[in-house]
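Biologist: I have a structure on my screen and I would like to learn how to read it. Could we go through it feature by feature?

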Amino acid sequence: MDIAKDVSKRATCERAHVGCILVDDKRIIATGYNGSVSGMPHCDEAGHDLVDGHCVRTIHAEANAVLQCAVYGVPLIHKDITAYCNYMPCLKCIQLLVNVGIRKIIFEDFYGKWNKEDIERLMNYKKFCDLSICRFERKSEGVFTLCGKMDEICTMLSEFSNS
Ligand SMILES: [Zn+2]
Ligand SMILES: [Zn+2]
């Protein structure tokens with residue numbers, strides 16, 4: 001998780017510094033952070049590109065990690081890959097991760113408001129795609145636990161979204 005956090009420092013939209021690493025049996029096979037489309041200016045140069053209060057200039061960290069695999073020809077399917085993200089991925093990125101065969105996502109902090117319908121959609125990914133999402137909780141320096149119960153995570157997510 002600390003590596004995902006390190007990667008997030010390269011993010012170019014300061015609304016959220018997001019990092020994602022894909023790990024296959026302790027080996028990091030790809031990294032991604034949220035950044036502008038190659039060749040386009042970054043948010044710190046050109047300002048945010050806001051639609052409904054969200055910056056749409058960047059490609060999300062999770063998508064960039066998957067794209068890195070596509071560009072460099074790293075196979076993902078039929079492997080036991082875990083995605084580590086410093087923030088919980090959005091629903092679109094979760095769909096993308098599921099579709100490249102990733103069944104385990106570990107995140108640390110919540111980000112963004114989720115509506116009830118999207119939380120239900122998330123539960124369906126657990127039910128139909130065998131997706132597991134764990135929350136990494138730091139107790140103190142170097143000490144952490146993993147909360148792997150999807151219903152607990154969904155409860156925390158809806159509390160966070162309503163706060
Ligand atoms: Zn931005
Ligand atoms: Zn996303």
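Modeller: Let us start with a pair of helices. The axes of H4 and helix H5 (residues 116-129) come within 11 Å and cross at roughly 10°. Keep in mind that this is a predicted model, where local features need pLDDT of at least 70, side-chain atom pairs count only at pLDDT 80 or more, and totals for chains, interfaces and linings use all residues. Residues are numbered from 1 along each chain as its sequence is written, while chains are lettered from A and ligands numbered from 1 in the order in which they are written.

Biologist: What do the labels and the axes stand for?

Modeller: Helices (H or I, at least four residues) and strands (E, at least two) are DSSP runs, numbered from the N terminus. Axes are lines fitted to C-alpha atoms, for helices over the stretch in contact, and angles run from 0 to 180 degrees between N-to-C directions.

Biologist: Is H4 roughly parallel or roughly antiparallel to H5?

Modeller: Angles under 35 degrees count as roughly parallel, over 145 as roughly antiparallel, 65 to 115 as roughly perpendicular and the rest as oblique. At roughly 10°, H4 is therefore roughly parallel to H5.

Biologist: Which residues make the contact of H4 with H5?

Modeller: Two residues are in contact if their C-beta atoms, placed from the backbone, lie within 7 Å. H4 supplies Leu91, Ile94 and Val98, and H5 supplies Asp118, Arg121, Leu122, Tyr125 and Cys129. Sort them by class: six are nonpolar, none polar and two charged. Here Ala, Val, Leu, Ile, Met, Phe, Trp, Tyr, Cys and Pro count as nonpolar, Asp, Glu, Lys and Arg as charged, and the others, Gly among them, as polar.

Biologist: How do H5 and H6 run relative to each other?

Modeller: The axes of H5 and helix H6 (residues 150-162) come within 11 Å and cross at roughly 165°. H5 and H6 are therefore roughly antiparallel. Their crossing is right-handed. A crossing is left-handed if the near helix is turned anticlockwise from the far one by less than a right angle, and right-handed if clockwise. Ile119, Leu122, Met123 and Lys126 of H5 meet Met150, Cys154, Leu157 and Ser158 of H6.

Biologist: How many residues are in the largest nonpolar core?

Modeller: First, the general idea. In soluble globular proteins, nonpolar side chains tend to be buried together. A nonpolar core is a set of buried Ala, Val, Leu, Ile, Met, Phe, Trp, Tyr and Cys residues joined through C-beta atoms within 7 Å. A residue is buried if 20 or more other C-beta atoms lie within 10 Å of its own, exposed if 12 or fewer, and partly exposed in between. In this model the largest core has 32 residues, and those with the most contacts inside it are Cys20, Ala83, Cys85 and Ile105. Strand E7 (residues 81-87) gives the largest share, five residues. Beyond its neighbours within four places in sequence, Ile105 is in contact with Ala83, Cys85, Pro89, Ile94, Leu97 and Ile133.

Biologist: What is the phi of Lys26, and where is Lys26 placed?

Modeller: Most residues other than glycine have a negative phi. Lys26 has a positive one, near 70°. Lys26 sits in the loop between strand E1 (19-24) and strand E2 (27-33). Lys26 is exposed, with 6 other C-beta atoms within 10 Å.

Biologist: What about Asp130?

Modeller: Asp130 has a positive phi near 60°. Asp130 is in the loop between H5 and strand E9 (132-140). Asp130 counts as exposed, with 10 C-beta neighbours inside 10 Å.
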